[in-house]
Amino acid sequence: DEMSRPQHAGAARAFTLFLLAAAAPLLHASPPRRGSHGLLARSRAPLMLMPRTASESGGHPMMQRSASQRRPNQRPHEHYNLKSMSGEQQQRGLRCIDRSMSTRVHPLGYVAGCVLPTSLGLWKSEYGVSYGYGGAILLAALQVLPEATSGLAVAHSLALILYGLRLCSFLAYREIFIPKFRDFREKIEKKAEAKGGRLKRVPFILSCSVLYGCMAAPLLLTAQAGFASNLMATISIALMYVGLLTAATGDFVKTWVKNNKGPDHLVTSGPFGLLRHPNYTGETLLWTSNVATGLLGLLAGGLSWQRGGEFGASVLGLLGIGFVLAQAATGLEKKQMEKYGEDAAYQAWVKRTWAGFTLPPKKKET
């Protein structure tokens, strides 16, 4: 049931180049200055904008406002009347607002958080796409969480923190208590060793690290910018938790049933009564909603090259994990058909359930 690697090496290398290009904006963010406090203190330039009224500034046409002077949960651009400014003042003000919207996560810390867990693949090849996957998402989200300036932004980061913790815990339990998965890990390791030394794994490990960084990039768009619609953000974040719960429940039910009824038993209870692969379908919902949440943050904070690049990286991350999940579901569909295809109960189950997103069948060579 493990997610398999892309079968076509050429396509995989091309997609890796796309991911590397998309990751460039993630390295552009400036780290916070030592001793800085508050949202606007993280800007690379002071925010000098005209207040809404002259009384707010004591009659002075320009003044610097701090985060403590704004209403709670008020975004910087809501406090100032840009229409009353000259063109040059507007441009300078909008540039400062955009900088205040950008999350000041240290780029090297973000990169390290994605690369270090994935580097477990140098020890055991399978770890790069299991513990490395969950660990990279966890560390990326933990770095963004302190930057969150609203309850919705906190909930967004917590969803990916919980995802990383849940995945790593489940993988550890499965490896410790189910011999089948230890054997599966060693089988993958022998295949990897047969292909050459451990250094040959580095390109794959780096490409996975970039993918994980892109998948967590929507957090950078929502931590400080707010949302274009709080209602839509609430819905999209709620769907992330629904996807997280669906995937977790699917893994739990499948593990419990197979431990009690045997590894060859077809699981059709719980979420499997509606979804044939709830773990993959749940993850697809989680990551799709994650990018939708990032889009709402992008619309609220304004568009710039950096923020546009972060959203582009988010979309590429979704396409990458979407392909992997669809490929995994397609492979499992094929295995189940070969194993249970003649069983009437299996045929009835297939008719009343959804497989989720799968890849189109390959054309048979004539």
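Ser119 is partly exposed, with a relative accessible area of 25%; buried means under 20% relative accessible area, exposed over 50%, and partly exposed in between (1.4 Å probe, protein chains only). Ser119 lies in the loop that joins helix 3 (107-118) to helix 4 (131-144). Between Ser119 and Arg201 there are 9.4 Å in space, C-alpha to C-alpha, although the two are 82 residues apart in sequence.

## Basis of the model

This is a predicted model, in which local features need pLDDT of at least 70 and side-chain atom pairs count only at pLDDT 80 or more, while totals for chains, interfaces and linings use all residues. Residues are numbered from 1 along each chain as its sequence is written, and side-chain values use heavy atoms, with hydrogens and water left out.

## Overall architecture

The protein contains 12 helices and two strands. Helices (H or I, at least four residues) and strands (E, at least two) are DSSP runs, numbered from the N terminus. In order from the N terminus, the elements are α-β-β-α-α-α-α-α-α-α-α-α-α-α.

Of the 366 residues in the protein, 48% are buried. Among contacts (heavy atoms within 4.5 Å) with a separation of 6 or more, 79% are between residues 24 or more positions apart.

## Annotated spans and helix 7

The unreviewed UniProt entry carries the annotation "transmembrane region" for residues 130-146, 152-173, 202-221, 227-248, 285-305 and 311-332. UniProt positions follow the numbering used here, feature names are shortened, and annotations may be inferred rather than shown by experiment. Residues 152-173 are 100% helix and 0% strand, with end C-alpha atoms 31 Å apart. For residues 202-221 the figures are 95% helix, 0% strand and 29 Å between the end C-alpha atoms.

Helix 7 (residues 202-216) is mostly covered, with 11 of its 15 residues buried. Those buried include Ile205, Cys208, Leu211, Tyr212 and Met215.

## Packing of helix 5 against helix 9

Helix 5 (residues 151-177) and helix 9 (residues 230-261) have axes that come within 10 Å and cross at roughly 10°. Axes are lines fitted to C-alpha atoms, for helices over the stretch in contact, and angles run from 0 to 180 degrees between N-to-C directions. Helix 5 and helix 9 are therefore roughly parallel to each other; angles under 35 degrees count as roughly parallel, over 145 as roughly antiparallel, 65 to 115 as roughly perpendicular and the rest as oblique. Residues making this contact include Leu152, Arg166 and Tyr173 of helix 5, and Asn230, Asp251 and Asn259 of helix 9.
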